[in-house]
Amino acid sequence: MLIELMWGYVEWAEGRYDLAIDRFTRAVELGEGSSDARVQVLHSEAVAHLGTVMQEAGRPRDALPLLERALALRAVQIGAEHPELASVHGNLGAIHMALGHHEAAERELLRSLEIRERSLGPDHESLAQTVSNLGALAM
């Protein structure tokens, strides 16, 4: 599973989305149903990365359920307030924006902003993208 996940990162970084999707899909399949906590973490990362690559590849409808699943998996593993989940909420907000789901987009983006502000402070540079997305949503 780890090898598939790592190859997925390589393919993604090289912009070969179809190959990255194949690798992350295989990693997800290999991690399904494992009771090993380390494998569960890798599995949730594979699900999240698969969703993000789908989003970047212009497939928001395919990305949405994957990122929702990744969020649920990671929230159980690390807690719903963990700073790592801010990026998943932000990605979900961007997908909802792309799909025209404005209320869901606003909810996810505000959640991302809330987590980032609490964990990083109100002036941290990583808040800029979320604030920008909220501004675009308001237009």
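Q: At what angle do the axes of α1 and α3 cross?
A: An axis is a line fitted to C-alpha atoms, for a helix over the stretch in contact, and the angle between N-to-C directions runs from 0 to 180 degrees. Here the axes of α1 and α3 cross at roughly 25 degrees and come within 11 Å. The helices themselves are DSSP runs (H or I, at least four residues; strands are E, at least two), numbered from the N terminus. Do keep in mind that this is a predicted model, in which local features need pLDDT of at least 70 and side-chain atom pairs count only at pLDDT 80 or more, while totals for chains, interfaces and linings use all residues. Residues are numbered from 1 along each chain as its sequence is written, and side-chain values use heavy atoms, with hydrogens and water left out.

Q: Which word describes how α1 and α3 run relative to each other?
A: Angles under 35 degrees count as roughly parallel, over 145 as roughly antiparallel, 65 to 115 as roughly perpendicular and the rest as oblique. α1 and α3 are therefore roughly parallel. Their crossing is left-handed (the near helix is turned anticlockwise from the far one by less than a right angle; clockwise would be right-handed).

Q: Which residues make the contact between α1 and α3?
A: Contact means heavy atoms within 4.5 Å. α1 brings Leu2, Leu5, Tyr9 and Trp12, and α3 brings Leu42, Glu45, Ala46, His49, Thr52, Val53 and Glu56. By class, this contact of α1 with α3 has 7 nonpolar, 2 polar and 2 charged residues (Ala, Val, Leu, Ile, Met, Phe, Trp, Tyr, Cys and Pro count as nonpolar, Asp, Glu, Lys and Arg as charged, and the others, Gly among them, as polar).

Q: What about α2 and α3: how do their axes cross?
A: The axes of α2 and α3 (residues 37-56) come within 8 Å and cross at roughly 155 degrees. That makes the pair α2 and α3 roughly antiparallel. The crossing of α2 and α3 is left-handed. Among the residues in contact are Phe24 and Val28 of α2, and His43 and Leu50 of α3. The contact of α2 with α3 has 12 nonpolar, 4 polar and 1 charged residues.

Q: Is Val28 buried or exposed?
A: Buried means under 20% relative accessible area, exposed over 50%, and partly exposed in between (1.4 Å probe, protein chains only). Val28 counts as buried because its relative accessibility is 8%. Val28 sits in α2 (residues 17-31). Beyond four places in sequence, Val28 is in contact with His43, Ala46, Val47, Leu50 and Arg69. Val28 and His43 are 15 residues apart in sequence, with their C-alpha atoms 5.6 Å apart.

Q: How many residues are in the largest nonpolar core?
A: A nonpolar core is a set of buried Ala, Val, Leu, Ile, Met, Phe, Trp, Tyr and Cys residues joined through side-chain atoms within 4.5 Å. The largest has 24 residues, and Phe24, Leu50, Val53, Met54, Leu92 and Ile95 have the most contacts inside it. At least two residues of this core come from each of α1 (2-13), α2, α3, α4 (60-78) and α5 (85-98). A second, separate core of 6 residues includes Ala105, Leu109, Leu113 and Leu127.

Q: What does Glu4 touch?
A: Glu4, in α1, touches Arg23, Arg26, Ala27 and Leu30, not counting residues up to four places away in sequence. Glu4 is buried, with a relative accessible area of 19%.

Q: Where is Ser112?
A: Ser112 lies in α6 (residues 102-120) and, at 0% relative accessibility, counts as buried. Leaving aside neighbours within four places in sequence, Ser112 is in contact with Ala86, His89, Gly90 and Thr130.
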